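Student: I would like to learn how to read a structure like this one. Can we go through it feature by feature?

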Amino acid sequence: MMSNENDDLESEQAINDLGIASRSADRARGQGWRWVRSYLLVWALASVGLVIGLGFGNKAVTISIFIAWAILSLVGGIWSRSRGLTPRGGGRRIGRAAGLWAACYAIVLAVGVTRQAQSTGFWIVAAVFTAVPLIVAAVIPAPKAADVS
């Protein structure tokens, strides 16, 4: 069977189209992982503010911090849903980071409220402690396209 010039052009076009699609998928995956990282890092920063505010604030400051936390959580949820693309594994990474953050936060509250309420050093360490799972989840490299199925 002989190949004609038309078949060669169609093959070249198909190869070119596949290259364009691959680059587009890589770009979309990169954008998806960037928003996941941004989301986690902003959450880590907010967590530091939350814990320090709880440790050093009076009742009015504590109420203000919880209101700000609720607003930030709402805005973060809306923003994350507006991204249009969650990279494969991104939701799982956020979920695991959220679970670890909640565990760290519960530990901080349990210890802070019962034993360390007046210790400046404790609240600073506790603030960093709650941010660690979120920061780690943000800085772990995104999986390569070949690593996800």
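**Reading the helices and rings**

Tutor: Start where helix α2 starts: a side-chain oxygen of N58 comes to within 3.1 Å of the backbone nitrogen of A60. A polar contact is an N or O pair within 3.5 Å, one able to donate a hydrogen and the other to accept it; residues adjacent in sequence count only if both atoms are side-chain atoms. This is a predicted model: local features need pLDDT of at least 70, side-chain atom pairs pLDDT 80 or more, while totals for chains, interfaces and linings use all residues. Residues are numbered from 1 along each chain, and side-chain values use heavy atoms, without hydrogens or water.

Student: What is the secondary structure of the chain?

Tutor: Helices are DSSP runs of H or I, at least four residues; strands are E, at least two. Here there are four helices and zero strands.

Student: Which residues of α2 are buried?

Tutor: Buried means under 20% relative accessible area, exposed over 50%, partly exposed in between (1.4 Å probe, protein chains only). In α2 they are T62, I65, W69, G76, G77 and S80.

Student: How is a pair of aromatic rings described?

Tutor: By the distance of the centres and the angle of the planes. Rings of Phe, Tyr and Trp (its six-membered ring) pair with centres within 6.5 Å; planes under 30 degrees apart are stacked, over 60 edge-to-face, the rest tilted. The structure has seven such pairs. W43 and W101 are tilted, because their planes meet at 55°, with centres 5.6 Å apart. W43 sits in α1 and W101 in α3, 58 residues apart. W69 and W101 are stacked, at 5.5 Å and 15°.

Student: Is W101 buried or exposed?

Tutor: Buried, because its relative accessibility is 10%.
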